[in-house]
Amino acid sequence: MDYLINEEKKERALLIGVDTGEFDADVSINELEELADTAGAEVVAQMLQKRSTVEGATFVGKGRLEEIAEFCEGNEIDVIIADAELSPVQVRNIEDATNVRVIDRTTLILDIFAGRARSKEGKLQIELAQLKYSLPRLTGKGTSLSRLGGGIGTRGPGETKLETDKRHIRRRIQYIKNELDAVEKRRAMQHNRRKKNGALVVAIVGYTNAGKSTLLNYLTNAGVLQEDKLFATLDPTARKLALPNGEQIMLVDTVGFISRLPHQFVEAFKSTLEEATYADVILNVCDSSSEQCYEHIKTTDDILKSLFDDGIIDVPVIYVFNKCDISNGLNSDIYGRMNGERCVKISAATGEGVDALLTEIENALPLSRKRVRMTLPFDKISIASKIRADGIVHEQEYTEDGLLLDATVNISILDEIKDYIV
């Protein structure tokens, strides 16, 4: 018997962009194609126009708009995606000229986030970003949003459906902000508890698809989704990790960054992104097999700086050049130019260089433990249980004078054992 497989038809997309020289437009529109693929679209073509400025009314020039309309008609295009943030007027004019639905780069990114968010916090953050972006763009077509609203509470004198919708969105925005404020307070309390308990946090940040989740999985068996797509994971994940010297740390994987990241995203995800500002060490993971490796590093650094109050990253940063197994030395010159910075080449897929990374993390962490040799008198042997609970005993031996220990101890106990240190 034959069975019909119902596969959802992919939307056929045309990408358009304007190259004004402000950034590398070719790289940007190629990245937009990756985003469109992640969102489930089938990219049919790219159209990039060189102009000194963007056309205020239609984004592209009149002649190019006519070409776009003709191309859409002849190639059954379902959606046009612009590599920029469009104004409502630009969207409407392009749609009128082409009779095709139009979205911009920001809408596409927010759509991807909406599909990837799993936690309640992540979903709230995405909804907040979408509502903030849509509010000034809430316009009616024809008379659909200019009629009086129906129902109890909407029949005020002259209140239009558009005004009612805007009021509803503003109320929803305020509700979500209150919810996220509560989340931020809980996160701050967790941070304070970690500090009080002496817990050390290492945050993994970096450009999307640089291999952050792969690194977390390799080190901790976290089971986080690994996929060769932009923004494969969105919600932050935290796992415990024991370093070679016995130090216990909390490894936190954060959401990936991207160039020209919508400011709505940064604002909405501030509570999540600020995990990096609470960290004791930051791992800036980059894809060393990418030709845009250095630009990705700078993008991540710039976003991090925006999160710190004074714009200065006052946390040790280790630059992790991932995918060295497939880079073929592509960015070795960049690695060499990172003057005075902590840098490590690794492959999170194969484990190459990971031992060196762990050693670099140990060196970057604030001093919380110290290895010492001591002889505890027999009447003080109970101290040994404290050392074992929060440290590492490398060797022990009973002697005539008491218990001889070679141990790595928490510095908080040094005052208690200073008289017994050999």
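Which residues of H7 are buried?

Tutor: This is a predicted model, in which local features need pLDDT of at least 70 and side-chain atom pairs count only at pLDDT 80 or more, while totals for chains, interfaces and linings use all residues. Residues are numbered from 1 along each chain as its sequence is written, and side-chain values use heavy atoms, with hydrogens and water left out.

The buried residues of H7 are Lys212, Ser213, Leu215, Leu216, Asn217, Leu219 and Thr220. Buried means under 20% relative accessible area, exposed over 50%, and partly exposed in between, with a 1.4 Å probe and protein chains only. Helix H7 spans residues 212-220, and seven of its nine residues are buried, so the helix is mostly covered. Helices (H or I, at least four residues) and strands (E, at least two) are DSSP runs, numbered from the N terminus. The cover over the buried residues of H7 includes strands E5 (200-206), E6 (237-242), E7 (248-253) and E8 (281-287), together with helix H14 (354-364). Contact here means heavy atoms within 4.5 Å. Just after H7, Asn221 has a positive phi of about 55 degrees.

Two of the covering strands, E6 and E7, form a hairpin with five residues between them. In the turn, Gly246 takes a positive phi of about 90 degrees. The two strands run antiparallel and are joined by six bridges; strands pair if DSSP finds at least two bridges between them. Thr237 has Asp253 in E7 as its bridge partner.

Next, the nonpolar cores. A nonpolar core is a set of buried Ala, Val, Leu, Ile, Met, Phe, Trp, Tyr and Cys residues joined through side-chain atoms within 4.5 Å. The largest has 49 residues, of which Ile81, Leu108, Ile282 and Phe321 touch the most other members. A second, separate core of 25 residues includes Leu200, Ile249, Leu283 and Val344.

Thr299, in helix H11 (residues 293-307), counts as buried at 15% relative accessibility. Leaving aside residues up to four places away in sequence, Thr299 touches Tyr207, Ile258 and Ser259.

Another helix, H2 (residues 62-75), packs with helix H3 (residues 88-98): their axes come within 9 Å and cross at roughly 50 degrees. That makes H2 oblique to H3, where angles under 35 degrees count as roughly parallel, over 145 as roughly antiparallel, 65 to 115 as roughly perpendicular and the rest as oblique. Axes are lines fitted to C-alpha atoms, for helices over the stretch in contact, and angles run from 0 to 180 degrees between N-to-C directions. Leu65, Ile68 and Ala69 in H2 meet Ile94, Ala97 and Thr98 in H3.

Phe59 lies in the loop between strand E2 (42-50) and H2, and Glu76 in the loop between H2 and strand E3 (79-82). Phe59 has a positive phi of about 70 degrees although it is not a glycine; Glu76, also not a glycine, has a positive phi of about 50 degrees. Phe59 is buried, with a relative accessible area of 2%, whereas Glu76 is exposed at 62%.
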